[in-house]
Amino acid sequence: MTVDSDAVTSTVRISDFVLGLPKCEMHLHLDGTLEPSMKLDLARRNNIEIPQSTTAQIRESFRFHDLPTFLAVHYSNMNVLWTSRDYEDLAYSYLQISAQQNVRHTEMFFDPQLHTSRGVPFPDIVNGYRRAIVRARIDFGMSAELIMCFLRDYTAEYAMATLMEALPYKDWIIGVGLDSDELDHPPAEFSEVFARARSEGFLVTMHCDVDQVDSAEHIRQAIADLHSNRIDHGLNVLDDPDLVIAAREKGLGFTVCPLGYGTHPCGMAPELERIHAMLEAGLKVSVGSDDPPYFGGYLAENLQACIDVGGFTEAELVTISRNAFETAWVSERRRVELLEELDDYARRHGLPA
Ligand SMILES: [Zn+2]
């Protein structure tokens with residue numbers, strides 16, 4: 001399967017510095033990387049009827065104005081994914097684009113319930129993704145891991161059943177997460193699932209989306225009650241100085257997604273100001289691309305937006321990459337390798353290593 005030549009929809013020019021920066025991505029939904037050309041190819045391959053017949057029409061259909069409308073568009077696109085080979089192609093395409101942007105390590109979310117709820121066998125999903133990871137290691141020298149997310153708008157019982165299905169694949173799944181619509185679904189609803197996941201050796205992260213009802217309380221639950229190792233988004237940590245202190249003391253990572261915030265009512269700039277404030281508060285913020293075809297770019301485009309829209313400096317981008325490598329779920333040996341690469345790059349550009 002070919003990579004979509006129109007994969008990067010952003011017209012933003014990426015600077016040589018941003019492109020060459022050694023990067024680490026930890027907020028990326030594999031299910032959300034379905035480019036229009038791949039949707040078209042998979043629909044043909046699997047004999048699935050879809051309402052569109054061109055990539056332009058499909059891209060036009062990627063329209064939404066808030067989280068629920070985004071999820072409705074995104075979830076309906078999943079209907080073209082059926083076989084192990086489909087999942088392999090989806091992940092490999094993302095890994096190939098990321099390698100071209102010098103992403104050196106990535107930890108990729110996947111939501112099996114989007115597929116098992118339609119009748120796709122769990123092993124087909126995981127086997128496909130795993131093959132892509134192994135090929136990317138060989139082809140591009142990059143490392144990649146899988147994080148299995150539970151959809152919080154399904155029940156905790158379904159999440160637990162999904163966790164049980166994942167146990168034979170523990171070696172291939174480094175951690176578990178929580179995503180989808182946060183309204184009326186606080187982290188506490190899934191406390192038993194995450195406790196069991198931790199006891200099985202999975203690391204833990206979870207989405208605490210921006211400006212949700214009770215956002216700060218959800219972050220508190222994630223940190224204090226569910227012992228999350230990272231928070232995805234979590235900009236509302238700034239609402240509570242005690243949370244900032246707790247997160248800083250734990251060295252907790254926050255994965256933020258600038259282009260995704262472009263769809264917020266206030267636009268991207270105020271959210272980048274919050275991210276800047278998080279960095280200044282000493283929090284370990286890193287950047288991810290969330291769902292690239294929907295938000296207009298991969299990791300490099302997101303980092304470029306930090307410069308172009310948020311006024312971030314090159315030194316701050318080095319800090320963001322360093323935060324990512326420091327909070328990544330890699331072996332200490334791999335971490336040292338990645339940090340050395342970053343330090344070399346910073347020195348060559350006259351920046352503090
Ligand atoms: Zn996300």
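**Close-up views of a predicted model**

**View 1. The lining of the largest pocket draws its largest share, six residues, from α4.** This is a predicted model with residues numbered from 1 along each chain as its sequence is written, in which local features need pLDDT of at least 70 and side-chain atom pairs count only at pLDDT 80 or more, while totals for chains, interfaces and linings use all residues. Side-chain values use heavy atoms, with hydrogens and water left out. Helices (DSSP runs of H or I, at least four residues) and strands (runs of E, at least two) are numbered from the N terminus, and both α4 (67–77) and α12 (258–261) supply at least two residues of this lining. The pocket has a volume of about 570 Å³, and among its 31 lining residues the closest to the centre are Asp66, Leu67, Asp209, Gln212 and His264. On a 1 Å grid over the protein atoms alone, a pocket is an open set of points where a 1.4 Å probe fits, with protein on both sides within 12 Å along at least five of seven lines, and lining residues have an atom within 4 Å of a point.

**View 2. The rings of Phe110 and Tyr129 form an edge-to-face pair.** Rings of Phe, Tyr and Trp (its six-membered ring) pair if their centres lie within 6.5 Å, and planes under 30 degrees apart count as stacked, over 60 as edge-to-face and the rest as tilted; by this rule the count comes to 13 aromatic pairs. Here the centres are 5.6 Å apart and the planes stand at 75 degrees, so the pair is edge-to-face. Because Phe110 lies in strand β2 (residues 103–110) and Tyr129 in helix α7 (residues 122–140), the pair ties together parts that are 19 residues apart in sequence. Both Phe110 and Tyr129 are buried, that is, under 20% relative accessible area with a 1.4 Å probe and protein chains only.

**View 3. The rings of Phe122 and Tyr169 form a tilted pair.** Their centres are 5.8 Å apart and their planes at 50 degrees, so the pair is tilted. Phe122 belongs to helix α7, whereas Tyr169 sits in the loop between α8 (156–166) and β4 (173–179), 47 residues apart. Phe122 and Tyr169 are both buried.

**View 4. Gln221 is found in helix α10 (residues 215–225).** Gln221 counts as buried because its relative accessibility is 8%. Leaving aside neighbours within four places in sequence, Gln221 is in contact (heavy atoms within 4.5 Å) with Pro186, Pro187, Ala188 and Leu226.

Key
Grid points are joined across faces, edges and corners, and a volume is the space filled by probe spheres set on the points. Buried means under 20% relative accessible area, exposed over 50%, partly exposed in between (1.4 Å probe, protein chains only).
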